[in-house]
Each structure stands twice: as C-alpha cells, then as structure tokens.
Amino acid sequence: MSANGAVWRRVRSRFRAFPECLAVCEAEAAAYGRCVQASTAPGGRLSKDLCAREFEALRSCFVAAAKKSLKGVS
C-alpha cells in the first residue's frame with residue numbers, strides 16, 4: 001500500500017508543477033496555440049504533424065521546466 005501512496009505523491013507533485021511549467025513555457029505554448037488555431041480556422045486543415053515543430057518545442061520546454069521544478073521530489 002505504501003508503494004501506491006508514493007506513486008500518487010509523485011503524480012500530485014507533477015500536477016502541482018503544471019501551472020509553473022506553463023508559465024515558464026508561455027512563448028512556446030502561444031506558438032503552438034497559434035499554429036493549431038490557424039489550422040482549424042475556416043478553410044484550414046488540421047492534420048497530423050502539421051504543428052509538430054511547435055509541439056516539440058513546447059514539449060522540450062515542459063520537460064526542462066518540470067526537471068527544474070521537481071528537482072528533489074521523489
């Protein structure tokens with residue numbers, strides 16, 4: 001049972017770190033949002049990998065921000 005509790009503590013700490021990561025990655029999130037919005041505008045076509053470059057930049061930023069904010073949390 002204690003192992004399960006440890007898992008949930010890690011999950012909760014990651015959820016708590018999400019707003020901080022989003023704030024750190026504001027520019028990347030905005031760029032990805034603009035790409036998706038432009039692709040879904042009237043006449044736009046959202047397709048797989050259309051915004052892959054922007055998504056990868058956002059993902060990389062989140063990973064780096066999460067590593068910083070979760071440092072020392074196990």
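How many disulfides does the structure hold? In this predicted model, the structure holds 2 disulfides. With the bonded cysteines of the protein chain numbered in sequence order, they pair as 1-4, 2-3. Cys 21 takes part in no disulfide.

**Cys 25 and Cys 61**
- Cys 25 is joined to Cys 61 by a disulfide, with an S to S distance of 2.1 Å.
- The link of Cys 25 and Cys 61 is left-handed, with -95° about the S-S bond.
- Cys 25 sits in the loop between helix H1 (2-24) and helix H2 (26-40), and Cys 61 sits in helix H3 (residues 52-69), so this pair ties together parts that are 36 residues apart in sequence.
- Cys 25 and Cys 61 are both buried.

**Cys 35 and Cys 51**
- A disulfide also joins Cys 35 to Cys 51, where the S to S distance is 2.0 Å.
- The link of Cys 35 and Cys 51 is left-handed, at -90° about the S-S bond.
- Distant parts of the chain are linked by this pair: Cys 35 belongs to helix H2 and Cys 51 to the loop between H2 and H3, 16 residues apart.
- Cys 35 counts as buried because its relative accessibility is 15%, under the 20% cut-off.
- Cys 51 has 7% relative accessibility and therefore also counts as buried.

- For Cys 21, the nearest cysteine sulfur is that of Cys 25, 6.4 Å away.
- Cys 21 is buried, its relative accessible area being 4%.

Notes: Residues numbered from 1 in each chain as written. Predicted model: local features only at pLDDT ≥ 70, side-chain atom pairs only at ≥ 80, totals over all residues. Heavy atoms only, no water. Disulfide = S-S within 2.5 Å. Helix = DSSP H or I, 4+ residues; strand = E, 2+ residues; numbered from the N terminus. Buried < 20%, exposed > 50% of the residue type's maximum accessible area, 1.4 Å probe, protein only.
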